[in-house]
Amino acid sequence: MTSPPRALPVPTPETQPFWDGTRAGELRLQRCDACAHSYFPPRPFCPKCASRKVSWYQASGRASLYSYVIHHRPVPGFTPPYSIAVVELAEGPRMMTNIVGCPQTPEALALDMALEVTFTAVSDAITLPQFKPAARG
Ligand SMILES: [Zn+2]
């Protein structure tokens, strides 16, 4: 049985550099040149000081688990149970994502656990950044 495809994000001019990055195996964020604030999702001005002088840079890919819910009902493209999580990137911004590479249980998904980015190609255009438990050491 083939499961139907999941709904995919559609790149916009503002988000295209982000999706180019994930396809290249890089997590790219924007940072304000005026006040150094890092933010996500991408937009052409700083959400803190409204400066339009913003730059893309490659984030570390490190994050911690901020919150999540575990879904048990099937949704196209997902095999339940699966987590919908919000992670806090080491650079500060929060991102909605999935936690992969571990059981989808409250026991395995501890708040504040250390995570690292992993990339999953879901179509020619879209590679999703997901997060997995960080390697120890
Ligand atoms: Zn700013």
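Trainee: What arrangement do the four donor atoms around the zinc ion make?
Mentor: The structure is a predicted model. The angles that the four donor atoms subtend at the zinc ion run from 104 to 116°. Four donors count as tetrahedral if all angles lie between 85 and 135 degrees. The angles at the zinc ion therefore make the arrangement tetrahedral.

Trainee: Which residues coordinate the zinc ion?
Mentor: The coordinating atoms are SG atoms, at 2.3 to 2.4 Å from the zinc ion. Along the chain, the donors follow the spacing C-x2-C-x10-C-x2-C. The residues are Cys32, Cys35, Cys46 and Cys49.

Trainee: How many residues apart are Cys32 and Cys49?
Mentor: Cys32 belongs to strand β1, whereas Cys49 lies in the loop between β2 and β3. The pair thus links distant parts of the chain, and the separation is 17 residues.

Trainee: Is Cys32 buried or exposed?
Mentor: A residue counts as buried under 20% relative accessible area. Cys49, at 37%, is partly exposed. Cys32 has a relative accessibility of 2%, and therefore counts as buried.

Trainee: Which residue in β2 is the bridge partner of Gln30?
Mentor: Strands β1 and β2 pair in the antiparallel sense over two bridges. The partner of Gln30 in β2 is Tyr39.

Trainee: How many salt bridges does a search of the whole structure find?
Mentor: Side chains of opposite charge can pair when their charged atoms come close. One of the salt bridges joins Arg28 and Glu26, at 3.0 Å from N to O. A search of the whole structure gives a total of four.

Trainee: How far apart are the closest N and O atoms of Glu88 and Arg94?
Mentor: Glu88 is partly exposed, at 27% relative accessible area. Arg94 is likewise partly exposed, at 42%. Glu88 and Arg94 form a salt bridge, and the distance between the closest N and O atoms is 2.8 Å.

Trainee: Which residue meets Glu116 in a salt bridge?
Mentor: The N to O distance in this salt bridge is 3.9 Å. The pair links distant parts of the chain, with Glu116 in strand β7 (residues 114-121) and its partner in strand β8 (residues 127-133), 16 residues apart. The partner of Glu116 is Lys132.

Trainee: What is the omega of the cis peptide bond that joins Pro80 and Pro81?
Mentor: Most residues other than glycine have a negative phi, and most peptide bonds are trans. The bond from Phe40 to Pro41 is cis, with omega near 0°, and Pro41 lies in the loop between β2 (38-39) and β3 (54-58). Pro81 is found in the loop between β4 (62-71) and β5 (82-89). The cis bond between Pro80 and Pro81 has an omega of about -5°.

Trainee: What is the phi of Ala36?
Mentor: Ala36 is placed in the loop between β1 (28-32) and β2. Its relative accessible area is 53%, so Ala36 is exposed. Although Ala36 is not a glycine, its phi is positive, at about 70°.

Trainee: What is the phi of Asp112?
Mentor: Asp112 is found in the loop between β6 (94-97) and β7. At 63% relative accessibility, Asp112 counts as exposed. Asp112 is a residue other than glycine with a positive phi, near 75°.

Technical notes: Residues numbered from 1 in each chain as written. Predicted model: local features only at pLDDT ≥ 70, side-chain atom pairs only at ≥ 80, totals over all residues. Heavy atoms only, no water. Salt bridge = Lys/Arg side-chain N within 4 Å of Asp/Glu carboxyl O. Buried < 20%, exposed > 50% of the residue type's maximum accessible area, 1.4 Å probe, protein only. Helix = DSSP H or I, 4+ residues; strand = E, 2+ residues; numbered from the N terminus. Pairing = 2+ DSSP bridges. Donors = N, O, S within 2.8 Å, 3.2 Å for Na, K, Ca; no water. Tetrahedral: all angles 85-135°; square planar, octahedral: opposite > 155°, others 65-115°.
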